[in-house]
Amino acid sequence: MALQAEAKLRDVLAHFQLEGSVASIIPYGSGHIHDTYAVANDQPTCPNYLLQRINHHVFRNVPLLMENIGLVTLHLRQKLQHIPGARPDEEVLTLVPTQDNLGYYRDPDGNFWRVYLLLEGTRSYDIVETPQQAYEGGKAFGKFLALLADLDASQLHESIPDFHNIENRLRLLTQATRLNAAGRVAQVDKELRFVWQRGEEMSSICRLGRAGKLPLRTTHNDTKFNNVLLDRHDKALCVIDLDTVMPGFLAYDYGDAIRTTVNKAAEDEEDLSKIKVDYELFRAFTEGFLQETSAFLTEEEVNSLEPGVRLLPYIMGVRFLTDYIEGDHYYKIHFPEHNLQRARAQFRLVEVLEENSELLLHTIQQTAHAFK
Ligand code: ADP
Ligand code: GN1
Ligand code: MG
């Protein structure tokens, strides 16, 4: 890292109550939204840290966002303290306060920063390799929902309003198409047709929710598999990336996790023939997830899980496509057509999930029944 950039990060870190002294700061992880750095400590007895510059273009109200995170981590910690054998300090993220005892620091340029304790010996997987990892991820996200089931969702601020509301996402796509700000609409005719052929069917969860048929719960809303940390033995340790924890439907969390578990190709795979559904990974994740959640799921929720599996890659495709049409303002991109390539890969995933829908539905229902 350039010396000047590192000096700036060291300045930022000085505003937090860190123990020891900073040895090195290196860019970390593969998230699409924040800038993340691992901060190594010079003192072997002091903790290492994780520094993040919060993307305030995506999260418009950082103070309220950080209030949510405070509320959620406190609730999880309190619940785990009553579970024999649980390790709240490793299973829940720990924020490091600033010198003013706040959860975040705002620098003179208007950037927002936060620091977590780095969870040692952990890693996150962009691509799941084994059914054991998938099962552990399912258990972690399932347990997360179970522990938050008694947190009143209305206490949480909606950090991004209408985040998984597909009707809203389709409206935004329509607007972007009409505006054609980057002059790219003519290039995406095929993708737009794919979207509109499925718009009505993909809105089913939205409609059920509106009709009061699906309970609104406290959900994570960004259950990409790399948002769970596994330990050295591939045992799930901690669910991370809590920025979007807010009221939602359980099918969203299940669907987004399945999207990133069953596809052994990258989220942005260029070669669409590599995008497949790995059934063993699907079964293992589903088993872990339902083991933790079946006791409180309603029948309608169980029925919403398979549609959720198709909806989440569809939503992601719509969002990547919208960002591409608008000129790439939202997601970090690594090359000019990146968002389009991501959208195409997600739409291909929707297709292969559609081809397998009966088997997936059957597996979900059998597994849910077995754990009831
Ligand atoms: P983004 O929203 O950009 O995805 P995340 O909060 O998910 O940001 O962090 C990015 C990556 O950093 C994660 O995928 C994970 O690998 C790693 N990470 C995040 N928090 C911790 C932590 N407390 N300890 C260890 N690694 C972490
Ligand atoms: C973003 O922050 P990250 O990389 O975990 C996005 C998710 C998408 C995901 C697609 C706040 O997640 O909604 O599913 O990219 N987060 C936000 O990879 O938009
Ligand atoms: Mg993340």
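Colleague: What share of the contacts in the chain between residues at least 6 apart in sequence join residues at least 24 apart?

Modeller: Two residues are in contact if their C-beta atoms, placed from the backbone, lie within 7 Å, and among such pairs at least 6 apart in sequence, 75% join residues at least 24 apart. This is a predicted model, in which local features need pLDDT of at least 70 and side-chain atom pairs count only at pLDDT 80 or more, while totals for chains, interfaces and linings use all residues. Residues are numbered from 1 along each chain as its sequence is written, with chains lettered from A and ligands numbered from 1 in the order in which they are written.

Colleague: Why does the radius of gyration of the chain agree with a compact globule?

Modeller: The rule, 2.2 Å times the number of residues to the power 0.38, with the radius taken over C-alpha atoms, gives a value near 21 Å for 372 residues, and the chain has 21 Å, so the two agree. Those C-alpha atoms fill a box of roughly 55 × 55 × 35 Å along the principal axes.

Colleague: What makes a residue count as near ligand 2, and which residues surround that ligand?

Modeller: The C-beta atom, placed from the backbone, must lie within 6 Å of the molecule; the residues around ligand 2 include Gly31, Asp222, Lys224, Asp241 and Glu267. With Asp, Glu, Lys and Arg counted as charged, Ala, Val, Leu, Ile, Met, Phe, Trp, Tyr, Cys and Pro as nonpolar, and the others, Gly among them, as polar, this shell has 3 nonpolar, 4 polar and 4 charged residues.

Colleague: How does the shell around ligand 1 divide by class?

Modeller: That shell holds 9 nonpolar, 8 polar and 1 charged, and of its 18 residues Gly29, Gly31, Leu119, Ser124 and Asp241 come nearest.
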